[in-house]
Amino acid sequence: MHFHDLAPVLALLLLLPGAAAAQAQPPAARIPVLLDTDIGDDIDDALALALVLRSPELDLRGVTTVLGDAHTRALIVCRLLHAAGREDVPVAAGAAARPVPEFKGQMQYGLRPAFRNRPERETAVGFLYRQLKARPGELTVLAVGPLTNVAELLHKHPDCKPWIRRIVLMGGAVRVGYNAKAPPVPEWNIKSDVKAARDVFASGVPLVVAPLDATTTVGLEGKLLRRLLDARTPLTDQLHALYQLWGEKTPVLYDPVAVMLCFKDGPCKMEELRLEVDDRGVTRIVPGKPNARVATAIRRDEFLTWYVERVAPETEKKPGPSAIGLTNPSKPVPRGVMPNLVHVLEDYETDIERRWWLCGVAETKDVPAGSKRACRAVLANDFDGRTGDPRALYKAVIFNPVPGPPMGKNTRLSFRCKLQGTGNLRVQIYSLSKNYHRHLTLRGLPQGEWQALAVDMTTARQPDGSGGPLSEGERIDDIQFYTDAAAELLIDDIVLYDAAPPGEKRAFPARPIFTAWFDTGRQGKEWPGDFEIVAKQPPQTWKAAKSVLNKETGKPWVRVGLRGERPLGGATRLRFRYHLAGADALEVKLVNRKAGTGHTLALKDVAQGKWAEAVADFGATRPGERVDEIQFLLPRAGAELLVDDVLLHEPATKGQ
């Protein structure tokens, strides 16, 4: 039968009351929500945001962040939204950016946002108020973190209370604690700001509450967890990356339960209760008219299956794991002898530079001989947003050498690495001067063992072979290591350096400890201490640290802070370049200012009136002893010292 033969029948059917009503019924309206989150601590906040994005019942109108470094939390949200194709969603931070951001765990994800959108300029509270005022009575506030922002909103703008359709929150413990058989305890979101929680529960705004009673049992593990992490969608890839940075094993879906309650009760048992928060942060049932719909139980397996099916449906296509391209093949080169200049180093032994670990987590078990800590690669997109594949996901270790050093004539990069699952490694570097990335690829490297490698970074090019060599004076930024998404990669002892000039015979340092060169960056921030950064006189280029008066001694000095305590080895040397005037002697100290300990060495027969190089050999030192500054002391007032290209290191032993 053809369609035109069915037309009369269809016309008659449409005349029936039920059919006409079904045809006229509009689609269900989406519920507009504002999400307030402390994303960046537990992984459930990211899993909750994913559920919001994957729920057709919800219309996400904005995200605000709360608690601690709320600005970096907002950057996490921006990056996740970008990866999910939802850059249209505005994000507002509950606090301004910190001078030193929080960088541990998932917070690393926000430190190098590979996207262009940023948080709104207005505060979270201002943003919430503006959104509610524009659509009074329509918006649901979904709060899955401490209630600080929500309470401040109600306090500063009490007129907005009737504009809030309802507040759906994850928080509290009504009849059980974190163990389903234990009594109620102060739950995290509530105890983080007890006063705010008390104010919100007493506000009179309609509440829907997902306490521990309905959330503490919903741990995601086994096949369902693997299905979520291996779904290979743009959204779940980012969840997998955040899961690795989180560093725990079993996510508990506290916050996703609250997301579900925005549009359905689902497997939850709901009760109408009157709740209040006591001075200790315990959520109690009290007599009186109910102020909240409360989820007091949940069918665990039903909820977990529903969540995974919604966020990672099996019907979606799953591309295979990404493999790095084998463009611009290269081979390792000899590391060489004592570098002309060490631009950058990171041995992962301390947390001093950890804020610049843009990708990777500390590894303490699988480390090379002589090391206590290395860096394990985690999933990441290519930081090359122009010529790289923005959809591909790799295992990566990425380090950002602030403040962007200028290169020498012969840039080399040495590092130790361990690969498993592939023998291919891409080494990539970003040029601040050129505003593009270059890379080289090593193929067929040994697997399952630590190896020391060096590469000639002047051979790195853009993927199409263009870009030319890394040139003298060119400033660089991120140092990046990529391998296949399904492989494993560990990196340690990164040293970016200018290769030795002809005639150099001293061995490469056994372990570089600290380097300082002053060409870029600011005194007091990137270069703490007492000195003045000045331009060198021609034909010398770039900058140096100039001595200033030590008010306590009345004599000039240069005090270079090491940005934290650095551990020494069994022997310690200090190499530096200097220009001295008005004195024929110089004293050098390694100091731990807090402990009041250190080492002093007097240098005699130093050059005057010209640039020269000096080596202060402190001899045997106690392995693990820590120092936090280097002092260069002049013997008399009126003398002047310029210092540059400082390298504190453990020298190579004989035969190395």
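**View 1. Pro 403 sits in the loop between strand 17 (393-399) and strand 18 (411-420).** Strands here are DSSP runs of E, at least two residues long, and helices are runs of H or I, at least four, both numbered from the N terminus. A cis peptide bond links Val 402 to Pro 403, with omega at about 10°. This is a predicted model, where local features need pLDDT of at least 70 and side-chain atom pairs count only at pLDDT 80 or more, while totals for chains, interfaces and linings use all residues. Residues are numbered from 1 along each chain as its sequence is written, and side-chain values use heavy atoms, leaving out hydrogens and water.

**View 2. Phe 518 has a positive phi of about 70°, though it isn't a glycine.** Its spot is the loop between strand 24 (511-516) and strand 25 (529-530). Phe 518 is buried, at 0% relative accessible area (buried is under 20%, exposed over 50%, partly exposed in between, with a 1.4 Å probe and protein chains only).

**View 3. Asp 605 also isn't a glycine, and has a positive phi of about 55°.** Look for Asp 605 in the loop between strand 32 (597-604) and strand 33 (611-620). Asp 605 is exposed, with a relative accessible area of 79%.

**View 4. Helix 3 (residues 44-53) is largely enclosed by the rest of the structure, because ten of its ten residues are buried.** Among them are Asp 44, Asp 45, Leu 47 and Val 52.
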